[in-house]
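Biologist: I am new to this structure. Please take me closely through one part of it, the place where the two chains meet, and then show me what lies on either side.

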Amino acid sequence: MNLIEIYIQEVTRRLPEKSRTDIALELQSTIEDMLPDDYNEEDIKDVLGKLGNPAALAAGYRDQPMHLIGPRYFDVYVSLLKMILPIAAAISLISIAAEFFLDFNHDETLLNAMLDFIGYGIWKLIEVSVQVFFWLTVVFAVIERVDKDKEQHPLSPSLKPWTPDDLKSITYIPKKKAISKCEIFGSLMWTAIWATLYFYADQLMGIYRGGGEGLEFKIPAVNQDILLGYWPVVVVIIALEVGLALYKLIIGQWTKRMAIFNTVLELFATIVFIFILMNPNLLQQEFIAYMTDLFSISAAQFKNWLLGGIMITFIIYAVISIFDGIRKSRITS
Amino acid sequence: MSTLLNSLTTELRRGTLTLAVLSQLRTPQYGYSLVQLLEDSGINIDQSTLYPLLRRLEKQELVTSSWDHTESRPRKYYVLSELGMETFLQLREEWIKNSKQLYGLLKGDEEDEFN
């Protein structure tokens with residue numbers, strides 16, 4: 001007798017309160033039906049064995065699915081996850097970078113600060129990913145349970161059954177014209193890096209010397225006041241670069257308009273930076289003196305060599321970027 | 001039997017279970033009497049799926065249920081509702097049609113094998 005009661009309890013405790021009594025009564029009556037008139041414990045075990053694992057029986061009684069996210073929502077869930085995770089990761093990385101450089105103090109060596117940043121960055125990335133994953137999963141698990149529609153077909157973006165007409169609203173993107181998420185992420189990262197270098201040039205660019213405690217920042221290379229004099233135009237370039245990256249993200253492939261935007265931006269940025277580099281007071285006198293000593297060349301030679309090198313790098317990079325954009329936008333397939 | 005074959009067989013049977021149960025509920029039955037009826041016709045049914053199935057059919061309004069307290073122990077009787085009867089007849093048509101088609105298909109295979 002006792003075994004039967006425990007069995008029934010094991011089934012009903014997994015069920016909603018309101019259906020427990022009725023199911024318990026029915027089970028009780030069924031089990032007694034199955035038993036012979038004169039039964040012993042072996043008979044009871046035999047009957048309960050036929051009814052099977054109480055968890056499985058309870059699952060049969062329950063309407064709720066035994067999975068978190070079923071076939072109807074799984075596809076939407078995975079695509080959303082793929083879309084949101086990189087965006088969340090990028091935003092958190094950029095905000096960490098901004099926070100980090102705002103707090104940067106002169107006493108700390110750059111190397112140590114960098115290591116701190118990497119460690120903290122990885123930790124934050126994991127945290128953000130776990131958060132995104134958790135909340136998205138919770139939301140979908142709830143939707144799965146609230147939706148009483150027994151429809152099992154994957155949900156289409158229009159929330160209606162799929163028809164071939166749905167294909168018309170999707171742009172076909174040839175592989176060669178496609179812009180990968182990595183590329184967009186990379187260009188945003190590059191913008192963040194050079195922007196930081198620009199605004200904190202006097203703390204980051206210059207002569208480092210190995211000291212007792214890692215690297216020590218000795219002589220700044222540039223005159224920060226002169227450099228910051230150009231800030232409005234630099235901010236415009238940053239805004240345009242971020243805008244281009246977002247535009248690429250939305251469109252997903254190279255177009256003629258995008259190639260024009262890219263060309264104008266590259267030309268504009270290159271001209272502005274060459275203009276800044278041409279400023280005769282840009283480099284710190286102390287830095288020039290140190291370098292001319294080191295390489296035993298004249299100040300003019302050093303300036304030409306350094307600034308010329310930077311300018312050529314800039315121009316080569318811009319030309320490659322412009323031609324790459326135009327080439328990809330011209331591909332027709 | 002291999003696990004794969006086992007799961008395929010279960011899958012094949014799963015759909016027919018509802019039909020088998022509906023067919024026997026034209027007269028009121030309680031859980032265990034239904035099991036015995038089905039077993040007498042050679043249909044071996046997993047009892048842990050049968051009892052939940054009865055409640056599901058009730059929820060879908062294909063069967064109605066009532067408790068009977070007149071006998072030695074209370075029993076819950078299930079019987080087809082009007083909707084259940086209609087559905088059963090349609091399902092039966094469908095099943096007979098399908099099994100004829102499938103039989104024709106399998107029969108064809110067999111003949112090919114012997115030729």
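Modeller: Start with the area. Chain A and chain B bury about 1600 Å² between them, and carbon and sulfur atoms give 52% of that. The size of an interface is often given in this way, as the accessible area lost when the parts come together. Keep in mind that this is a predicted model.

Now the residues. On one side, 15 residues of chain A take part; they are in contact with 16 residues of chain B. Charged pairs come next. The rule finds 6 salt bridges across the interface of chain A and chain B. One of them joins Arg73(B) to Glu32(A). Their closest N and O atoms are 3.0 Å apart, and the cut-off for a salt bridge is 4 Å. Polar contacts can be counted too. Between chain A and chain B there are 10 residue pairs of this kind, with both residues at pLDDT 80 or more.

Which elements of chain A give two or more residues to the side that touches chain B? They are α2 (17–34), α3 (41–51) and α4 (54–61) of chain A. The largest share comes from α2(A), with 9 residues.

Step back to chain A as a whole. It has 333 residues, and 35% of them count as buried. Its elements are 13 helices and 2 strands. Take the contacts in chain A between residues at least 6 apart in sequence: 72% of these join residues at least 24 apart. The accessible surface of chain A is about 20800 Å², and 66% of that belongs to carbon and sulfur atoms.

Chain B holds 4 helices and 3 strands. Read from the N terminus, their order is α-β-α-α-β-β-α. Two of the strands pair. Strand β2 (residues 63–68) of chain B runs antiparallel to strand β3 (residues 75–80) of chain B, and 6 bridges join them. Together β2(B) and β3(B) form a hairpin, with 6 residues between the strands. Within this pairing, Trp67(B) stands opposite Lys76(B) in β3(B).

Contacts in chain B can be read by separation as well. Of those with a separation of 6 or more, 43% are between residues 24 or more positions apart. Last comes the surface. Chain B exposes about 7800 Å², with carbon and sulfur atoms supplying 54% of it.

Methods:
Residues numbered from 1 in each chain as written. Chains lettered and ligands numbered in written order. Predicted model: local features only at pLDDT ≥ 70, side-chain atom pairs only at ≥ 80, totals over all residues. Heavy atoms only, no water. Contact = heavy atoms within 4.5 Å. Areas by Shrake-Rupley, 256 points an atom, 1.4 Å probe, with all protein chains shown as cover. Pairing = 2+ DSSP bridges. Buried area = accessible area lost by both parts, 1.4 Å probe. Salt bridge = Lys/Arg side-chain N within 4 Å of Asp/Glu carboxyl O. Polar contact = N/O pair within 3.5 Å; in protein donor to acceptor, adjacent residues only side chain to side chain. Buried < 20%, exposed > 50% of the residue type's maximum accessible area, 1.4 Å probe, protein only.
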